Amino acid sequence: TKNISFNFVKKKIKYSRLQILKEINFNEINYYLKKKANTNIQKNNYTNIIYKECPLLINEKFNNLNDTLFIRDKIKPKQIKSKINNNKNFFQKKKILKIFTPLFKNYHDSAIIKKFIENIIDNSLKSYNYYYLYFDRFLKNYNFTSNLKFFTSQLSNTQDFALMDVFKKKYYSDIIVYQHGHGQGLTRYHETIKFLKESSYSDENVVFSNNAKDYDKLNNIYSKSKTIVAKYYRPYNKLFSQLNYFKKNYDLIYFSPFHMNGTDRSLYNYCINDLEKIKIEKKLIEKSLSKQKMKILIKKYPYDYQKYINENYIKNLTRKYKNIDYYDKTLKYPEFFKKNQIILTIGCGSTFGYLAAFKNPIILINLKDHFPLNEKVKKKLKKAIFLLEYNKKNISDKLNMLLKNKSNLFYQWEKKENYRKHFYKQYLGI
């Protein structure tokens, strides 16, 4: 392993102003203009800290940016890593290791597993300790008021939590976290990551829907925050998106919910290995999409960092078919959106909730073996959209039959409208 090297592969793509404006509504445009005007002005005291931005946060906060420090643009901890003394420990390793005792008992040779877990804990503690000490020193460059508020989207790594903890412990800040995606509580997969949800570490949790609020309040034993339902916002610019009339039209767009894990075994990536993701999409293309008499776009998940030097298997596969185009840049649906397009996606995660806001017909493929829908939700969702089960042997035939008659598909979609309005409002906040 000493000869293995890691290289970051990040897409460096420039987009036109029009392309960017299609992606954001007028509240968000207002937010970014005010942010630009405030960024280079040093305030005497800061009352608001904004860390990780997300559309829900931006739409809630766009009118209130006075006395705000956009801290993510300021911090550069990796540039001074050698100057931080990392000998202090904030957590006891023995207490953390004790959590894994039931896991060790399941293995015949538990010493190997224990060593592996210890290594992960050591690296995590070392990283957290470094970031905590760095932020503790760095924040002394600023003055904060006594009623400080820390606003952010979902936190996910040692740097994020170290920063939050410094603000909480040293500056007594309120932690206000905004929900990452609409899908909270819709799948059984969410049951396995309750302890990672925003409400488990915030003072106030802002969510999209009443269902998300009830999920935190009634079903999440780790939830400790006050949960508030936000107002609905449109996740694109309706005016600028009309200019897509002059662009190439696609009858169907498949939105991939997958990005590659690589060496990152993230719980947020639905616990599906990379080979399985490729197999699922390969089958979808070869047995269904390539056989349609319609123009189709396959849109890769908009992820900045690649996990492999080459991730082009699906892209190369689509080149065999004249009716399929492939998009692997980072712009979202507004770049291609037109009314009466068919949307196809897999799994009921944040991608589904985002796409539902565009009101076009949605075909959702439920992955029973990976992140299956909650049974109660599934019964309601069947009445609201087109729902197919991936594990059924005839999934390709069913999808082909549904796509065979586009007029009938739109007719059936209209018949579901009343159920859909109720479901979208209750479960997605749309």
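Trainee: What covers the buried residues of α13?
Mentor: The cover includes α12 (350–356), β13 (362–366), β14 (386–389), α15 (406–415) and α16 (417–428), where contact means heavy atoms within 4.5 Å. Those names come from DSSP runs numbered from the N terminus, with helices being H or I runs of at least four residues and strands being E runs of at least two. Before we go on, note that this is a predicted model, in which local features need pLDDT of at least 70 and side-chain atom pairs count only at pLDDT 80 or more, while totals for chains, interfaces and linings use all residues. Residues are numbered from 1 along each chain as its sequence is written, and side-chain values use heavy atoms, with hydrogens and water left out.

Trainee: How do you know how confident the predictor is in the protein chain?
Mentor: We use pLDDT, the predictor's confidence in each residue, from 0 to 100. The protein chain averages 88, and 93% of its residues score at least 70. Confidence is lowest in strand β1 (residues 9–10), with a mean of 61, and highest in strand β8 (residues 252–255), at 98.

Trainee: Which residues of α13 are buried, and why are they said to line one face of the helix?
Mentor: In α13 (residues 375–384), the buried residues are Val377, Lys378, Leu381 and Ala384; buried means under 20% relative accessible area, exposed over 50%, and partly exposed in between, with a 1.4 Å probe and protein chains only. Seen down the axis of α13, these buried residues fall within an arc of 120°, so they line one face of the helix, the arc being that of the directions from the helix axis to the C-beta atoms. On the face turned away from that buried side, α13 carries the exposed residues Lys376 and Lys379.

Trainee: What makes Asn374 a cap of α13?
Mentor: A side-chain oxygen of Asn374 lies 2.8 Å from the backbone nitrogen of Lys376, at the N-terminal end of α13. A polar contact is a pair of N or O atoms within 3.5 Å; within protein, one must be able to donate a hydrogen and the other to accept it, and residues adjacent in sequence count only if both atoms are side-chain atoms.

Trainee: Why is Lys194 called buried?
Mentor: Lys194 has a relative accessible area of 12%, so it counts as buried. Lys194 lies in the loop between β5 (174–178) and β6 (204–207), and a polar atom of its side chain lies 2.4 Å from the backbone oxygen of Asn219. Not counting residues up to four places away in sequence, Lys194 touches Ser200, Tyr215, Asn219, Asn220 and Tyr222.

Trainee: Is Gly353 buried or exposed?
Mentor: At 0% relative accessibility, Gly353 counts as buried. Gly353 lies in helix α12, and, leaving aside neighbours within four places in sequence, Gly353 is in contact with His182, Leu428 and Ile430. Gly353 and Gly181 are 172 residues apart in sequence, and 6.9 Å apart in space from C-alpha to C-alpha.

Trainee: How do you know that β8 pairs with β9?
Mentor: Two strands pair if DSSP finds at least two bridges between them, and 4 bridges join β8 to β9 (residues 296–299), the two running parallel. In β9, Leu297 is the bridge partner of Ile253. Another 4 bridges join β8 to β12 (residues 342–346), again parallel, with Phe255 standing opposite Thr345 in β12.

Trainee: What makes both faces of β8 covered?
Mentor: Leu252 and Tyr254 on one side, and Ile253 and Phe255 on the other, are all buried. In a regular strand the side chains alternate between the two faces of the sheet.

Trainee: Why is one side of β11 and of β14 left without a neighbour in the sheet?
Mentor: The open sheet has 6 strands in the order β11-β9-β8-β12-β13-β14, with parallel pairing. β11 (324–327) and β14 stand at its edges, each with a single partner strand, so one side of each has no neighbour in the sheet. For β11, 4 bridges join it to β9, and Tyr326 is the bridge partner of Ile298.
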